[in-house]
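Here is a friendly set of questions and answers to work through with the model open beside you.

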Amino acid sequence: WYEIRSALGANLDLADGKKDLGTNIQTYTVSDTNNQRFNIVKTVNGYKILTKHKLALDVENASTKDQANIRQWEDNGTNCQYWIPEITDGGYISFRNKNSGKYIDVANGSSAARANVWQYTGNKSKSQSWKLIKTELKPEIDERFADAWGEDWHTDTTYLQTIIDKANSKGSDTNWFVAVDVNRFRVVVVRKDNNKNMWKIDGCFNATMGTLGSNGKSATGVFNETGN
């Protein structure tokens, strides 16, 4: 598993982490999420680049034209899913598509979050230059943690990472993000560490839905009928 980091500074990223066939590939601020982890597999035809959903990076409609989008698609062994790495200046790698001969490229050389990723004629620019950073796929949440009243879920790093992933995906206009898990009766408060521009868990609470008390606050959870 690798992060694929652009010479422009952002990581290759699966838009919103979606499972859907055809979900776009973009670049996004480095976020330490599984959306930015890719499995690179060597084959006799070239290299396959797989997302966390075991779907392959693919040129839309097997196009040979400039600006055709890079997306995730069913791993079907077609040439538009094979990539040939080429070493470039500064220790970077460019990925040339076996079908089209064009390269994975950041649209318009953008360094902004959610910049589109397409294929483009080789030009040795920063938008076609990538570094591989070895990493590991983080375990996703599973049914073991479905019981909100189980043992110490607030120390469950797997579950809490999904909340951080959500904060990275949704964003916030402030340094705070509050996640309400209505299925597990949990509230998690997340705070941005401005020094590292990363989200940190600030507090975890078991919470249930109850009627409003006379003070206008819920009779369950953080507040009781007396407001304590």
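Q: In the loop between which two strands is V182 found?
A: This is a predicted model, and V182 sits in a loop of it.

Q: Which residue in β9 stands opposite I87?
A: Strand β8 covers residues 83-87 and runs antiparallel to β9, with 5 bridges joining them. They make a hairpin that has 5 residues between the strands, including G90 in the turn with a positive phi of about 80 degrees. Across from I87 stands I93.

Q: How many of the 5 residues of β9 are buried?
A: β9 is made up of residues 93-97, and the strand is mostly covered. Counting a residue as buried when its relative accessible area is under 20%, the number for β9 is 4.

Q: Which element supplies the largest share of the lining of the largest cavity?
A: The count is 1 cavity of 30 Å³ or more, and the largest cavity holds about 80 Å³ of space. Its lining includes D13, Q26, Y28, R114 and D165. Both β3 (25-28) and α1 (157-170) supply at least two lining residues. The largest share, 3 residues, comes from α1.

Conventions. Residues are numbered from 1 along each chain as its sequence is written. This is a predicted model: local features need pLDDT of at least 70, side-chain atom pairs count only at pLDDT 80 or more; totals for chains, interfaces and linings use all residues. Side-chain values use heavy atoms; hydrogens and water are left out. Buried means under 20% relative accessible area, exposed over 50%, partly exposed in between (1.4 Å probe, protein chains only). Two strands pair if DSSP finds at least two bridges between them. On a 1 Å grid over the protein atoms alone, a cavity is a set of points where a 1.4 Å probe fits but cannot get out, and a pocket is an open set with protein on both sides within 12 Å along at least five of seven lines; lining residues have an atom within 4 Å of a point. Grid points are joined across faces, edges and corners, and a volume is the space filled by probe spheres set on the points.
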